[in-house]
Amino acid sequence: MSPQPHSTETSTRALIELKAGNFTLPVMRLLGTDLDGLGEELAAKVEAGAGFFQHAPVVIDLSSLPEDSGEVPFPLLVGLMRGHGMIPVGVRGGNPAQHEAAAAMELAVLADPRRSQSRPRTVPRSVPPAATHTGPGRLLTHPIRSGQRVYARGGDLVVMAAVSSGAEILADGHIHVYAPLRGRALAGVKGDATARIFCRDLQAELVSVAGYYRISENIGADLRGRAVQVFLEGRELRMQTL
Amino acid sequence: MARIIVVTSGKGGVGKTTTSASIAMGLARRGHRTAVIDFDVGLRNLDLVMGCERRVVYDFVNVINQEANLNQALIRDKREDNLFILPASQTRDKEALTKEGVGRVLDELAQSFDYVVCDSPAGIEHGATMAMYYADDAIVVTNPEVSSVRDSDRMLGILASKSRRAERGDEPIREYLLLSRYSPERVARGEMLSVDDVKDILALDLLGVIPESQSVLSASNAGVPVILDEASDAGRAYADLVGRYLGEDLPHRFLEAQKKGLLSRLFGG
């Protein structure tokens, strides 16, 4: 059969389009390779999750495994996870041998945040820039206008009026806003990871605790306009309605 | 001692000069000796809107630099004896405005006038900060549109922190909100921020709402402050505004979409 000439005629409309997407997935950190008892542990966690893990794509994090741990029994692990309703989609962390074993189970090898070029998203940890109000202005009852910056050094900040978009409020400790928060709020700016942000009406442009931040676009629509607290869990910024 | 009023906004083109002209005329009409000063050095407009552009000999910068005295520079309005205009310089730049110089001129005006209206330039730079530094009252002109609201919010922050009253810890500048170019029809269609939306974001009391009106352009081109056009909605809204500023309790008009009757639709508004 003669080779088909390269067709110059365009084919029918494309069926797929490739684009990058961002997803937040639950990560299951594996702490050992002896999987005895993993079944019960998984069962307990899934029960506590109340349906959250049902058909949930889960990433297996291997970075907490001790150096000298043996092979990870992936077939058993994946089987157990699937048995409890999870959908293991990939692994992150771990060594190349483990990656090969994972790939054999058709698990993707995802980027390890500690080794990849992009650092965890933190605001540069420099000294907070000169603020217009500093010192014991811990309780403010007037609106914080666009362009104003308030820094509660060494303590918490309580604001009883609206924080306009374009305004910035910072504190070494916690931040409470009992009015619409439309600007940026940064708590624990000197590195206190226990600091929290509490607000009555979340419409913030950016929230940050100890440098870990999230911008407005990545704040779920279910949280917008609600009373929310923002805190750090390990290295994850969590947001919950109050 | 005069009350110094700054008409400011942050955002450009929202109606500061239109407002300054009408408020100054309105106050003067009610018997108060009023001076209105153009702080927009280099881009002066107030003289055009007031209709006195052909009578400018000396200007604000001349007075600051003591090249002329106030009496030589102030232009008396032809329509209203109580009203005087101090035009800006068109040839100098705003560095010519110094804090001390501006303070001296305002002090001198305060001796013989009841109200001094300062028409601020747009922005938050030197000209605008000079216009608001000595103010007792501030009328923040805002369009019902997001960038104007944010810029007004920024300006409110500056008024609260960079004025002389703020620096001295005196009673702060009294802030008033003026919502201009308001179209109730567009608000009803959801295209434009409503009065409540703006009040919610800026947390300010409303001094007045000026409806979008073709009469503003006509008045401006004719060199007549629009408050003198008593047939126009904008003119009447400005008259209400002056009344409210002076303490009268007047309801806000022009907030509802006008329902045109058959006859006015046939024969025009």
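This is a predicted model: local features need pLDDT of at least 70, side-chain atom pairs count only at pLDDT 80 or more; totals for chains, interfaces and linings use all residues.
1. Nine residues of chain A touch eleven residues of chain B. Together the two chains bury about 810 Å² between them, and carbon and sulfur atoms give 37% of that area. On the chain A side, R145(A), S146(A) and R182(A) supply 61% of the area buried against chain B, more than any other three residues. If you want a place to begin looking on chain A, there it is.

2. Next, the polar side of things. The interface of chain A and chain B has three salt bridges. As for residue classes, the chain A side that touches chain B is made up of five polar, three charged and one nonpolar residue.

3. Now the cysteines. How many disulfides are there over all chains? The count is zero. For C52(B), the distance settles the matter: the closest cysteine sulfur, in C118(B), is 16 Å away, so it is too far for a bond. Seen from the other end, C118(B) is in no disulfide either, and its nearest cysteine sulfur is that of C52(B), 16 Å off.

4. Last, are these two cysteines buried or exposed? C52(B) is buried, at a relative accessible area of 1%. C118(B) is buried as well, with a value of 0%.

Methods
Residues are numbered from 1 along each chain as its sequence is written. Chains are lettered from A and ligands numbered from 1 in the order in which they are written. Side-chain values use heavy atoms; hydrogens and water are left out. A disulfide is a pair of cysteine sulfur atoms within 2.5 Å. Buried means under 20% relative accessible area, exposed over 50%, partly exposed in between (1.4 Å probe, protein chains only). Contact means heavy atoms within 4.5 Å. Buried area is the accessible area (1.4 Å probe) that two parts lose on being put together, summed over both. A salt bridge is a side-chain nitrogen of Lys or Arg within 4 Å of a carboxyl oxygen of Asp or Glu. Ala, Val, Leu, Ile, Met, Phe, Trp, Tyr, Cys and Pro count as nonpolar, Asp, Glu, Lys and Arg as charged, and the others, Gly among them, as polar.
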